[in-house]
Amino acid sequence: MTPVFPGFLDAHVHLALIDPARLAGAGIGRVLDLGGWAPDGRLLGGTADEQAAEQAAGTAAPSGLQPETRFAGQFLTAPGGYPSRQAWAPPGSSCPVASPGDAAAAVARQADAGAAVIKVTLNPMAGPVLNADTLAAIVAAAQERLLPVAAHAEGPGQAAAAFRAGVNLFAHTPFSQRLPDDAITAMAARMTWISTLDIHGWGQPTAAFSTASDNLARFHAAGGRVLYGTDLGNGPLPVGLNRREIEALLACGLSPDDVLAALTADFPHVPAGGRAASAAEASTAAPGRVTVIPGDRPTDPNDLTGFTDWLLGARSLPASVLPRTELEDLTS
Ligand SMILES: [Zn+2]
């Protein structure tokens, strides 16, 4: 029988910059938008026409092709900070946070729009960065609402600063410097890293790719939790499951089963500890997606090429099209 998996998750996409209807045919059933998108263009301050276009891009495709979507909303950044000056960032996609006193309102704005995660950016090469107190206040405000915080950390010391402030996820495997083993071990105990290895060079060797791969290999070996993610929308990445990202994960020492775990994990969330699901979870609940992979998985665990070839045949479907018995298999 054709294996059925939870819809494969790309945990780092930018829906404003891609056609999401193309994802299903290439295996991706769930996406986490990490900044610059909201369901109806609210938050982003574009013109009415731009909002209508965005809405069309996000919702016009047949529902059978739509990925299950969670999103961060605006990038929380220092005034003038990354990515508010980047050409690719749609107008209004950043929310400046000048001081700890601004943090709660900035988080509330995203939460009220339905955000399931809060995105912060720390990139001193592209503008001012949030100071430690402001970053800590953002993390505290997000935790109050059971929203995990994902950081874009770029430049020397920024990953360590984000970790110290209590950030839950890195939107990118740290790629600016080799992190010491003790830092990796500490991060592996409580962080999730979103891989995004292939954005560094798209198959051509780069220093950032090597640095990120080395950090991710040690993070994985230390027991750290890895999610498949590509930063889809930035640069020439394939829309759908990315063979080079899979190959890079395998090269970091993830087994084929580890790669499947990185693709089928739940959306990032803060354990509710018995409290009711947050409003964001309820409002973004959509018909579930599954991913099916035709053909037989290679039985030889060392046949990584065969595994990758098989995996790349994945397609995503609405769970509702499958017979009930297959879904029971999925959850058993
Ligand atoms: Zn991104």
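Q: Which protein donors does the zinc ion have?
A: In this predicted model, the zinc ion's protein donors are H12 (NE2), H14 (NE2) and D231 (OD), lying 2.0 to 2.2 Å from it.

Q: And how are the donor residues spaced in sequence?
A: The pattern is H-x1-H-x216-D. H12 belongs to strand β2 (residues 8-13), while D231 is in the loop between β11 (225-227) and α7 (243-251), so this pair ties together parts that are 219 residues apart in sequence.

Q: Nice. Are H12 and D231 buried or exposed?
A: Both H12 and D231 are buried.

Q: Switching to T69, where does it lie?
A: T69 is in strand β4, which covers residues 68-71.

Q: Why does T69 count as buried?
A: Its relative accessible area is 16%, and buried means under 20%.

Q: What separates the C-alpha atoms of T69 and V31?
A: Those C-alpha atoms are 5.1 Å apart, although T69 and V31 are 38 residues apart along the chain.

Q: And which backbone oxygen lies 3.2 Å from a polar atom of the T69 side chain?
A: That would be the backbone oxygen of P67.

Q: Zooming out, how many helices and strands are in the protein chain?
A: The protein chain has eleven helices and 13 strands. Of its 332 residues, 54% are buried.

Q: What about contacts between residues at least 6 apart in sequence?
A: Among those contacts in the protein chain, 70% join residues at least 24 apart.

Q: Last one: what does the accessible surface come to?
A: About 13600 Å² for the protein chain, with 54% of that belonging to carbon and sulfur atoms.

Technical notes:
Residues are numbered from 1 along each chain as its sequence is written. This is a predicted model: local features need pLDDT of at least 70, side-chain atom pairs count only at pLDDT 80 or more; totals for chains, interfaces and linings use all residues. Side-chain values use heavy atoms; hydrogens and water are left out. Helices (H or I, at least four residues) and strands (E, at least two) are DSSP runs, numbered from the N terminus. Buried means under 20% relative accessible area, exposed over 50%, partly exposed in between (1.4 Å probe, protein chains only). Contact means heavy atoms within 4.5 Å. Accessible areas come from the Shrake-Rupley method with a 1.4 Å probe; for residues, only the protein chains shown count as cover. Donors are N, O and S atoms within 2.8 Å of the metal (3.2 Å for Na, K and Ca); water is not among the atoms, so sites may look incomplete. A polar contact is a pair of N or O atoms within 3.5 Å; within protein, one must be able to donate a hydrogen and the other to accept it, and residues adjacent in sequence count only if both atoms are side-chain atoms.
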